[in-house]
Amino acid sequence: MSTVQTPAGRTPARPRKPRFTDENGRRHRVWELVLRYVLLLAVLALTVGPFVWQLSTSLKGPTEDIFSSPPKFLPGHPTLHNYERVADTIPVWDYAFNSLKVAAANVVTNCVGSALAGYALARLRYRGRRVATLVFVLAMLVPAEGIIIAQFTTMRELGLNNTLIGVLLPGAIASLNVLLMRNAFLNLPYEIEEAAYVDGANVWQRFLRIALPSVKGTLAVVAIFAFMGAWDDFLWPLIVLSDPSRFTLTIGLNYLHGTFANDERLVAAGTVIAVAPLIALFACLQRYFFRGVGEGAVKG
């Protein structure tokens, strides 16, 4: 048997314990990491769990018991028949197309309007700029239910009741999105625009060629918020629309709850259809989203 030879007077080196450090080089104890990941898994279960359960329910056949105890998470015989039944029960694709038109238009109006307003609040010098910023902040404190009657009266006077334009206009430019763009523009170094100004660039050129390309992340955040707000809105389209052919998806899916309240599989399939576009949008824009949260962070 061979032995490890060590120099005289030296003791064998002990194996080092693994060190866990963050990106800044600070050490973390093992129990802190374990506790952190346990909490993250608990939050994940609370947020993603209900959607995964709905997805599982929508794939279960009519012979499977969805109320069994203990509950069965995975369907025994997965089927897409419930999704076909949703399309046969209501014109779900027509409703989805109406929602898509409203959501896409809402994204365009919010991105364009919020970028213009945010740049004006952050970079332009004029009287009343601080007051204008305060107005946008105060607008966020007003609940939507408190002004919904005034909105309905306005749409009626404009002749836009029972139209998709009437659904779009109240949320065309959100106060939160304007403030996000304002803070993103404030975080940009002003010296870059000063150099462009010296070179003869006007306000529009500085906005389109310098400022706007630098805040693509915040624009992605605004686009996601605008799409989600328009796609998930239920109360305002329910009030302003009366023609079933113009219903959005959230209103159309309400028929599944009323007429087929006991068929949870059908309701779950409609829910998955409504949520799927939001997941696809976030998956496409997630890298811009997390970068944009830092760009639009409120300064201390």
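The model is a predicted one, in which local features need pLDDT of at least 70 and side-chain atom pairs count only at pLDDT 80 or more, while totals for chains, interfaces and linings use all residues. Residues are numbered from 1 along each chain as its sequence is written, and side-chain values use heavy atoms, with hydrogens and water left out.

The average pLDDT of the chain (the predictor's confidence in each residue, from 0 to 100) is 83, and 85% of the residues score at least 70. Residues 296-300 have a pLDDT below 50, and in the model this stretch makes nine contacts beyond near neighbours in sequence; contact means heavy atoms within 4.5 Å. Where pLDDT is low, the predicted coordinates should not be read in detail.

Thirteen is the number to keep in mind for the fold: the chain has 13 helices, together with two strands. Helices (H or I, at least four residues) and strands (E, at least two) are DSSP runs, numbered from the N terminus. Of the contacts in the chain with a separation of 6 or more, 72% are accounted for by residues 24 or more positions apart. Buried residues make up 34% of the 300 residues, where buried means under 20% relative accessible area, exposed means over 50%, and partly exposed lies in between (1.4 Å probe, protein chains only).

Turning to charged pairs, side chains of opposite charge can pair when their charged atoms come close. A search of the whole structure gives three salt bridges, each defined as a side-chain nitrogen of Lys or Arg within 4 Å of a carboxyl oxygen of Asp or Glu. One of them joins Glu193 to Arg123, with 3.0 Å between the closest N and O atoms. This pair links distant parts of the chain, 70 residues apart: Glu193 sits in helix 8 (residues 190-198), and Arg123 in the loop between helix 3 (92-122) and helix 4 (129-141). Both ends are buried, Glu193 at 4% relative accessibility and Arg123 at 8%.

Glu193 also forms a salt bridge with Arg206, the closest N and O atoms being 3.8 Å apart. Here too distant parts of the chain are linked, from Glu193 in helix 8 to Arg206 in helix 9 (residues 203-211), 13 residues apart. Arg206 is buried as well, with a relative accessible area of 11%. The other bridge pairs Arg246 with Asp243, with 3.1 Å between the closest N and O atoms. Arg246 is partly exposed at 34% relative accessible area, and Asp243 is partly exposed at 24%. Through shared partners, salt bridges join Arg123, Glu193 and Arg206 into one network.

Glu194 lies in helix 8 and is partly exposed, with a relative accessible area of 41%. Ala120 belongs to helix 3; leaving aside neighbours within four places in sequence, Ala120 is in contact with Tyr126 and Arg129. The C-alpha atoms of Ala120 and Val203, 83 residues apart along the chain, are separated by 10.0 Å.

Grid points are joined across faces, edges and corners, and a volume is the space filled by probe spheres set on the points. The largest pocket holds about 810 Å³ of space. It is lined by 28 residues, of which Ala144, Gln151, Pro170, Gly171 and Ala174 are the closest to its centre. Helix 10 contributes the largest share of this lining, four residues. The lining of the largest pocket divides into 19 nonpolar, seven polar and two charged residues, with Ala, Val, Leu, Ile, Met, Phe, Trp, Tyr, Cys and Pro counted as nonpolar, Asp, Glu, Lys and Arg as charged, and the others, Gly among them, as polar.

The second largest pocket holds about 150 Å³. Helix 12 (249-259) gives the most to its lining, with four residues,and helix 10, helix 12 and helix 13 (264-295) each supply at least two residues. Among the lining residues of the second largest pocket are Trp231, Asp232 and His257.

Terms used. 1 Å grid on protein atoms, 1.4 Å probe; cavity = no way out; pocket = protein on both sides within 12 Å on 5 of 7 lines; lining within 4 Å.
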